[in-house]
Amino acid sequence: KILILDFGSQTTQLIGRRIRELGVYAEIIPGDAAVTDETLADVKGIILSGSPESVYSPDGEVPDQRIYSLGLPLLGICYGIQRMTVDNGGTVEALPEREYGSLEVNLTVPDDPGKLAGGDAAAAFFSGFDGTVPLDAIRGSTAAKSKPGASFSINSWMSHGDTITKLGRGFRQFGTSLHGAPAVLVHEERPWFGVQFHPEVTHNERGTEIIAGFVFGVCGCKPGWSMEQYIEEVRASLGQRVGANPVLLLISGGVDSTVAGALLLKTLNPDQVHLMYMDTGLMRKNETETVRVNLERLGAKHLHIIHCENEFLSALKGLTDPEAKRKAIGDLFITIQEREVTRLGLPDSYFLAQGTLYTDLIESGKGIGKKAHLIKSHHNVGSPLVDAKRKAGRIIEPLDRLYKDEVRSLGRILGIDEDVVRRHPFPGPGLGVRILGEVTKEKCDILRDADAIYIEELKKRGLYDEIWQAFAVLLPIRSVGVAGDVRKYSWVLALRAITSDDGMTADVYPFSMKDLLEISTLITNTVTDIGRVTYDISSKPPATIEWE
Ligand code: XMP
């Protein structure tokens with residue numbers, strides 16, 4: 001596997017993803033974490049990530065200096081190579097102006113690449129830049145090599161405010177950016193490499209190939225990481241940890257918890273797996289039924305569906321303030337959860353499973369990356385049940401090494417319906433945050449119907465997968481319209497559709513006017529309580545994705 005030291009760049013995650021997409025397992029640890037023998041088990045190479053900090057700032061993290069004496073291949077990206085430079089006697093200084101965006105990098109392979117970086121490594125690394133070498137050749141069993149003396153030019157993706165002004169001991173500069181900054185560095189004796197740009201970003205030409213050149217050609221990794229292997233690893237580790245004890249998983253209806261449920265059913269004895277799902281009445285149309293059908297088909301024997309719509313509607317009665325609504329929903333969720341779990345009467349020894357993903361761990365700062373988490377605010381309420389189980393060391397998180405796209409492929413392998421696997425994210429408080437003002441059963445039904453039509457149309461038109469999240473919002477106003485010959489006041493609906501990478505920022509999806517007009521007509525013709533449809537054209541920031 002490849003170890004990634006995370007110095008806080010927002011693209012560190014992407015490095016891990018690219019490597020896993022190449023079929024090699026990659027693991028991210030904090031940039032300044034101690035690199036122990038345990039951390040190093042099976043590690044074939046180390047990547048030092050970028051960072052929002054400068055190497056000379058007191059906040060710039062320093063890696064365990066042991067990495068320089070392990071004899072393992074190293075690749076520094078942006079801050080990573082600047083760090084390697086400074087740690088080896090070089091100098092980094094601020095640029096008068098940040099280099100940002102697409103910049104050309106020119107590189108000439110030396111006539112004697114074999115004399116660098118311990119032999120074949122340099123030639124294998126340079127092959128990543130060579131437009132004539134296909135990715136498959138780089139991944140192949142005999143590593144591709146660049147031709148001595150060849151010259152390449154690629155469009156790289158840069159984002160840095162500092163530059164290397166004196167190379168570290170033993171480093172030689174190859175690539176140069178258009179502005180004359182060192183862009184590609186190779187050590188003369190050791191398998192150490194550095195790039196000033198971000199090969200993990202898709203805009204970086206030959207980025208995947210450059211990473212592959214390091215992972216396969218330099219580190220000698222072999223493709224082998226797959227979801228099937230993951231399932232077997234989970235089976236082994238869960239079996240050992242859980243034994244014959246019962247396991248309880250709370251299912252929300254979203255992709256993550258459904259896949260976690262399917263994975264438990266596949267890797268444990270279905271008799272020991274308890275799945276609990278709360279129908280709060282704030283779910284999307286047919287959500288409860290879809291979840292039930294999927295999980296039963298996958299062998300669920302103890303699926304506890306709690307119908308608590310009335311309790312939620314009563315708790316929300318008269319509430320219009322968004323925070324008050326959120327609190328009412330969150331509190332009641334916890335109360336019912338505690339009550340129903342007690343009612344199940346599981347022995348104290350039971351384990352609580354959660355659909356936590358790799359990114360969730362990184363964002364909440366639980367021992368993996370550190371800085372990226374400051375960006376995301378957490379919406380979901382902590383629960384005493386989860387806290388107590390965590391204290392007792394009885395939480396299992398079988399998806400905690402996976403990225404979202406990997407969870408989706410795992411779901412497919414486990415046989416979950418495509419409809420569930422591809423589903424857009426849905427907030428914990430559900431329609432409670434998509435009905436502005438007071439929530440009533442009538443409004444929930446109207447919104448559910450309208451939302452279902454909208455989503456169905458997006459799927460029919462082949463647009464659903466291009467959009468990161470789409471949904472309808474019911475506004476707390478009625479507006480005038482005509483029905484037959486009479487004036488009628490009916491509800492106003494807003495449609496939202498955005499593209500995004502992770503929900504932190506979002507762009508409006510640019511529908512064609514034809515799609516919007518047809519969808520609007522279909523909604524107002526079918527859901528007669530809606531008289532007017534609007535499309536939200538705000539990006540995030542300044543707006544958020546949900547209206548709340
Ligand atoms: P905002 O509205 O903050 O949403 O731009 C960003 C993403 O988070 C989802 N969201 C939630 N998810 N519980 C959740 O699990 C919540 O309370 C919650 N509120 C918003 C939202 O749907 C979007 O994908």
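Leaving aside neighbours within four places in sequence, with which residues is Val-255 in contact? The legends below, for a predicted model, begin with this residue.

Figure 1. Apart from neighbours within four places in sequence, Val-255 is in contact with Val-407, Arg-408, Gly-411, Val-420, Val-421 and Arg-423. The residue has 24 other C-beta atoms within 10 Å, and burial requires 20 or more, so Val-255 counts as buried.

**Figure 2. Asp-256 and the positions listed in UniProt.** Helix α7 also contains Asp-256. This residue has 21 C-beta neighbours inside 10 Å and therefore counts as buried. When neighbours within four places in sequence are left aside, the contacts of Asp-256 are Gly-355, Leu-357, Leu-399 and Val-407. An unreviewed UniProt entry lists Ser-252, Gly-253, Gly-254, Val-255, Asp-256, Ser-257 and Thr-258 under "binding site".

**Figure 3. The largest nonpolar core.** This core has 72 residues, and those with the most contacts inside it are Val-247, Leu-249, Val-259, Ala-353, Ala-450, Tyr-454 and Leu-493. Helix α15, formed by residues 441-460, gives the most to this core, contributing seven residues. At least three residues come from each of domain 2 (227-421) and domain 3 (433-535). Another core, of 64 residues, lies apart from this one and has Ala-26, Val-133, Val-184 and Leu-185 among its members.

**Figure 4. Contacts of Tyr-454.** Beyond its neighbours within four places in sequence, Tyr-454 is in contact with Ala-470, Ala-472, Leu-495, Ile-519 and Ile-523. Tyr-454 is also one of the residues with the most contacts inside the largest nonpolar core.

**Figure 5. An open sheet of three strands.** The strands follow the order β6-β5-β8, and their pairing is antiparallel. Strands β6 (151-166) and β8 (176-177) are the edge strands, each pairing on one side only. Strand β5, residues 91-108, pairs with β6 over 14 bridges in the antiparallel sense. Opposite Glu-104 stands Asn-155 of β6. In general, the strands of a sheet pair through backbone hydrogen bonds, in either a parallel or an antiparallel manner.

**Figure 6. The chain as the setting for the close-ups.** The chain contains 16 helices and 19 strands. Its radius of gyration is 27 Å, close to the 24 Å that the globule rule gives for 548 residues, so the chain is as compact as a globular protein of that length. Of the 548 residues, 42% count as buried.

Definitions and conventions. Residues are numbered from 1 along each chain as its sequence is written. This is a predicted model: local features need pLDDT of at least 70, side-chain atom pairs count only at pLDDT 80 or more; totals for chains, interfaces and linings use all residues. Two strands pair if DSSP finds at least two bridges between them. Helices (H or I, at least four residues) and strands (E, at least two) are DSSP runs, numbered from the N terminus. A nonpolar core is a set of buried Ala, Val, Leu, Ile, Met, Phe, Trp, Tyr and Cys residues joined through C-beta atoms within 7 Å. A residue is buried if 20 or more other C-beta atoms lie within 10 Å of its own, exposed if 12 or fewer, and partly exposed in between; C-beta atoms are placed from the backbone. Domain bounds come from an automatic or database domain assignment. Two residues are in contact if their C-beta atoms, placed from the backbone, lie within 7 Å. The radius of gyration is taken over C-alpha atoms; the globule rule is 2.2 Å times the number of residues to the power 0.38. UniProt positions are given in the numbering used here, feature names are shortened, and annotations may be inferred rather than shown by experiment.
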